[in-house]
Amino acid sequence: MTRLTWLGSIGLTLLGRGPDRLPVDPDPKAIDAIFASYDYTNTPGCAVGVFRNGQTIFGRGYGMADLNQGVPITTNTVFYIASTSKQFMAMSTALLAEQGTISLDDPVRKWIPELTPVADRVTVRHLVHHTSGIRDYLGLWGLSGRGFADEIPAEVALDLIVRQQALDFEPGSRYSYSNSGYFLQSEIVKRASGLTARQFAESKIFGPLRMSATHFHDNNAEIVARRAEGYQPLPSGGFQIVRTSFALVGDGGLLTTIADLAKWDENFYQNRLGTRGAELIDQVTTPGRLNSGEQQTYAFGLMRGEYRGQPVVEHGGSFIGFRAQLLRFPAQHFSVAVLCNDYTAEPERLAQQVADLYLADRLAPVVAASSKGGAQVVAPDRLDQWVGRYEIMPGAVGEVTRSGRTLSLNVFGQTLALAAIDDSTFEVPMLDRIGFRTTPAGPVFWSQATGASESTPRLGPEPKYTAADLLAFPGRYTSDELDTWAVVEVKGDTLRARTRWGPWVPLQPIQKDRFTTAGARVQFDRNGAGRIIGYRVSAARTQNLRFVRR
């Protein structure tokens, strides 16, 4: 949707309603009720801003920015906004391309030649739209056994990406969210402009928009006035501070306030950045396409979608005790920003609840998942064909069971009811839409939420290993791509492993030579003689990372 379309929609709406039918804003107490669980002096909380037609029509903080000092949250509290930062990095890339310094179709190796030749076909545009196939460096960091409390210097993060000897897929063939793509954009900005990502954004974005409290936080020792601490709850009650030495920017790293986000949000209607006016806004809000021509939902650090019948542009973020969401309804010139310093908060849901109040007469009725078209009642024999165990994502095994005319998915310690759309497609909480297909080898599972194009076959019964069987696996394994080693040993009647920097973790068998551990899949490989020669690790954003047995 172009900016002119947005404005036209607004005009038609106002003309159709007339002055006597202008919307009546909700009682502020209704918004307070949404955030009531945070409105205390002994808990972290959230700041909320509601923006309409260039004005902040509601803004308030709930809970505390700093529990040590007893500092309350306000609309001027500075929050870390995690991946919500990506739209600012992508705008920087778009502005750098607008001035002709780079092209979105430049090969990434033009600017970062130390990447291996496997990245030859990756372009800057692929980085922007998460279609590069480059493995997520945060996932790589975790698979190496290191934690996010550890410092990750930019040079180390870049070295980790450069070490990769394979892509997860052909550039442009798939979508897979990758923080590497946005970290690499920050490096391209630095090399192409001579300015750091922080300096470039200050010069081209934050300065022109007078966002005086906003910056890419590339120095973790820097003191920032009014900055909130990040928290997570303790099992025994209360909260603990979540801190990190992490100071990389591009994929995250932005510090900002509700007050500054109001200025950023309004620029999507009256653009003051660059030289192309509305054309720039059209560009950064237009999703990419795959090589096949298939339209995606991810644009420039922004996701296009729909909420209750209205088009929306949004992006959330979560990291180190913080969660954030900026939800825009362009046809209504209306947005909600929610910034939280409680890691268990759900700012996406909170923003939607606020929007429900303000846009009550413009939003379509909520439709239950079970009524979203198609067959709702499926014959038991049709359901029985899908019953079984599936690896719903690398390292995560779920079991599909039937009770009466309903299927359930048991995964992540929860039992999720599957609402039938037809006899092979279902709506499910957390995973959105899932489905099954029949193949000559048996049924396979697919999930809309994973972003993967391939399906996973039904697993057989969990394998049983004898003590003699387990002796085939112990040894020392190394990965040049992670610059680390791992040890596998027998512990009792099971296997366990640890990497150079990580703790011991159990290896749970899911099929022959395949195990799951700590949210990842470990697939052991054998040579022609049947001897274990290494293994491959796969996780949500990394596929087939090799370890070689030494």
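**A guided tour of a predicted model**

Begin by selecting Arg272, which is exposed, with a relative accessible area of 52%; exposed means over 50%, buried under 20% and partly exposed in between (1.4 Å probe, protein chains only). The model is predicted, so local features need pLDDT of at least 70 and side-chain atom pairs count only at pLDDT 80 or more, while totals for chains, interfaces and linings use all residues. Residues are numbered from 1 along each chain as its sequence is written, and side-chain values use heavy atoms, with hydrogens and water left out.

**Around Arg272**

Arg272 lies in the loop between α10 (258-266) and α11 (278-284). Helices here are DSSP runs (H or I, at least four residues), numbered from the N terminus, and strands are runs of E of at least two. Now show the residues that Arg272 contacts (heavy atoms within 4.5 Å). Leaving aside neighbours within four places in sequence, these are Pro208, Leu209 and Asn267. Select Arg198 as well: from Arg272 it is 74 residues apart in sequence and 19 Å apart in space, C-alpha to C-alpha.

**The nonpolar cores**

A nonpolar core is a set of buried Ala, Val, Leu, Ile, Met, Phe, Trp, Tyr and Cys residues joined through side-chain atoms within 4.5 Å. The largest one has 102 residues, and those with the most contacts inside it include Phe88, Met91 and Trp264. Helix α3 (residues 86-98) gives the largest share of this core, seven residues. A second, separate core of 25 residues includes Ile34, Val338, Cys340 and Tyr358.

Two packed helices are described by the angle between their axes and the distance between the axes. Axes are lines fitted to C-alpha atoms, for helices over the stretch in contact, and angles run from 0 to 180 degrees between N-to-C directions.

Display α3 with helix α8 (residues 179-193): their axes come within 10 Å and cross at roughly 40 degrees. Among the residues that meet are Lys86 and Leu96 in α3, and Tyr182 and Val189 in α8. The residues of this contact divide into seven nonpolar, five polar and one charged.

Ala154, Ala157, Leu158 and Ile161 of α7 make the contact with Ser180, Phe183, Leu184, Glu187 and Arg191 of α8.

Notes:
Ala, Val, Leu, Ile, Met, Phe, Trp, Tyr, Cys and Pro count as nonpolar, Asp, Glu, Lys and Arg as charged, and the others, Gly among them, as polar.
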